[in-house]
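Work through the following exercises with the sequence and the coordinates open beside you. Each task is followed by a solution that goes step by step.

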Amino acid sequence: MINNPNTKQKLYKYCLEFIDARLQTVQNQIVEIQNSLLSETKSSSGDKHETGRAMLQLEREKAGQQLAEIQKLNEIISKIDINKAGSTISLGSLIITSNANYFIAISAGEIRIENIDYYCISANTPIGQLLIGKTVGDDVVFRDLKFEINEVL
């Protein structure tokens with residue numbers, strides 16, 4: 001049972017910080033790749049030069065894909081209204097079960113708030129898909145483990 005009404009707000013903030021940290025990492029990678037491409041142009045010649053540039057181009061494409069993923073995470077998180085509480089589990093719900101506690105937003109891992117563990121999960125994860133649409137009192141079976149939904153905030 002949740003003692004602190006700010007728990008949902010803290011989970012939301014944690015997800016925002018998770019996205020921001022990923023964005024910073026990818027932006028730093030892009031800067032490094034750009035710098036490497038510039039130095040590759042100045043110092044190399046021949047086949048070695050072409051191979052090095054091709055590898056850096058692949059790295060840049062990968063970083064671009066990661067930026068697109070981060071944009072999707074931002075779109076998902078922007079749809080969440082943490083003040084909205086409903087009895088049916090949906091995006092933005094905080095779910096307290098007999099087994100674990102879940103915040104349906106983005107897959108950002110586990111966080112401990114006031115000695116209670118919470119899992120920030122995407123609605124698209126297997127457990128997220130099982131939980132969506134359920135209400136308090138419903139039973140869920142996940143990986144041969146049966147648990148009950150005690151609260152939906």
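The model is predicted, so local features need pLDDT of at least 70 and side-chain atom pairs count only at pLDDT 80 or more, while totals for chains, interfaces and linings use all residues. Residues are numbered from 1 along each chain as its sequence is written, and side-chain values use heavy atoms, with hydrogens and water left out.

**Exercise 1. Salt bridges**

Task: Find how many salt bridges a search of the whole structure gives, and describe the one between Glu114 and Lys10.

Solution: Begin with the criterion, under which a salt bridge is a side-chain nitrogen of Lys or Arg within 4 Å of a carboxyl oxygen of Asp or Glu. With this rule, the search of the whole structure returns five salt bridges. In one of them the side chains of Glu114 and Lys10 meet at 3.4 Å, N to O. Glu114 lies in the loop between strand E3 (109–113) and strand E4 (116–122) and Lys10 in helix H1 (residues 7–43), so this pair ties together parts that are 104 residues apart in sequence. Helices (H or I, at least four residues) and strands (E, at least two) are here DSSP runs, numbered from the N terminus. Next, take the accessibility classes, in which buried means under 20% relative accessible area, exposed over 50%, and partly exposed in between, with a 1.4 Å probe and protein chains only. Glu114 is partly exposed at 46%, and Lys10 is partly exposed at 35%.

Task: Describe the salt bridges Lys13 to Glu17 and Lys146 to Asp139.

Solution: The closest N and O atoms of Lys13 and Glu17 are 3.1 Å apart. These two residues are four apart in helix H1, and so are separated by about one helical turn; Glu17 is partly exposed, at 44% relative accessibility. For Lys146 and Asp139 the N to O distance is 3.7 Å, with Lys146 exposed at 57% and Asp139 partly exposed at 42%.

**Exercise 2. Cysteines**

Task: Determine how many disulfides the structure holds.

Solution: A disulfide is assigned to a pair of cysteine sulfur atoms within 2.5 Å, and the structure holds zero of them. Cys15 is in no disulfide, the nearest cysteine sulfur being that of Cys120 at 3.8 Å. Cys15 is buried at 0% relative accessibility, and Cys120 is buried at 3%.

**Exercise 3. Two residues and their contacts**

Solution: The C-alpha atoms of Asn99 and Ile80, which are 19 residues apart along the chain, are separated by 24 Å.

**Exercise 4. Pocket lining**

Task: State which element gives the largest share of the lining of the largest pocket.

Solution: The largest share of the lining, three residues, comes from H1.
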